Amino acid sequence: MTAGEAIKMADELRPNNHFENQLKQLWLRQADSGMRRNIVERSQTGGDFEDKGADILWNDGLEYDTPLLACCAAEALYPHWLAAHVFLIHHSHNHHADR
């Protein structure tokens, strides 16, 4: 999955979320960084993941076609990761505004 595909799918899960793509890209970078640190670096994967991941391909943002670290069945985590961030921040702001 690419960064752009993940953001597009997350926006379909949480339409009208008004969060900038730059922030969503940062969240993807954090997700890939955590996976690289906690999974890839602890396993014997060789060089299979050296040329992908929002954490290492970050250059003041991500291109639409930037390949993310997880693949196959695991790539479904990205849109849900983004949608969860949108949900939590949106509801946190609304909760505090009601007080």
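Residues are numbered from 1 along each chain as its sequence is written. In this predicted model, local features need pLDDT of at least 70 and side-chain atom pairs count only at pLDDT 80 or more, while totals for chains, interfaces and linings use all residues, and side-chain values use heavy atoms, with hydrogens and water left out.

**Stop 1: helix 1**

Select residues 3-13, which form helix 1 (helices are DSSP runs of H or I with at least four residues, numbered from the N terminus). Within helix 1, Ala3, Gly4, Ala6, Ile7 and Ala10 are buried, a term that stands for under 20% relative accessible area with a 1.4 Å probe and protein chains only. These residues lie on the same side of helix 1 because they cover an arc of only 160 degrees around the axis, taken from the directions from the helix axis to the C-beta atoms.

**Stop 2: Asp32**

Asp32 is buried but has no salt bridge, and the nearest side chain of opposite charge, that of Arg36, is 5.9 Å away; a salt bridge would need a side-chain nitrogen of Lys or Arg within 4 Å of a carboxyl oxygen of Asp or Glu. Leaving out residues up to four places away in sequence, Asp32 touches Gly53, Ala54, Asp55, Leu68, Leu69, Ala70 and Tyr78, where contact means heavy atoms within 4.5 Å.

**Stop 3: Thr66**

Now select Thr66, in the loop between helix 2 and helix 3 (77-97). Is Thr66 buried or exposed? With a relative accessible area of 7%, Thr66 is buried. Apart from neighbours within four places in sequence, Thr66 is in contact with Met1, Thr2, Ala3 and Leu57, and a polar atom of the Thr66 side chain lies 3.0 Å from the backbone nitrogen of Glu63.

**Stop 4: Phe19 and Trp27**

Finish with Phe19 and Trp27, whose ring centres are 5.8 Å apart with planes at 55 degrees, so the pair is tilted. Rings of Phe, Tyr and Trp (its six-membered ring) pair if their centres lie within 6.5 Å, with planes under 30 degrees apart counted as stacked, over 60 as edge-to-face and the rest as tilted. Phe19 is buried at a relative accessible area of 19%, and Trp27 is buried at 5%.

Methods. Buried < 20%, exposed > 50% of the residue type's maximum accessible area, 1.4 Å probe, protein only. Helix = DSSP H or I, 4+ residues; strand = E, 2+ residues; numbered from the N terminus. Lys, Arg positive; Asp, Glu negative; His and termini not counted. Polar contact = N/O pair within 3.5 Å; in protein donor to acceptor, adjacent residues only side chain to side chain.
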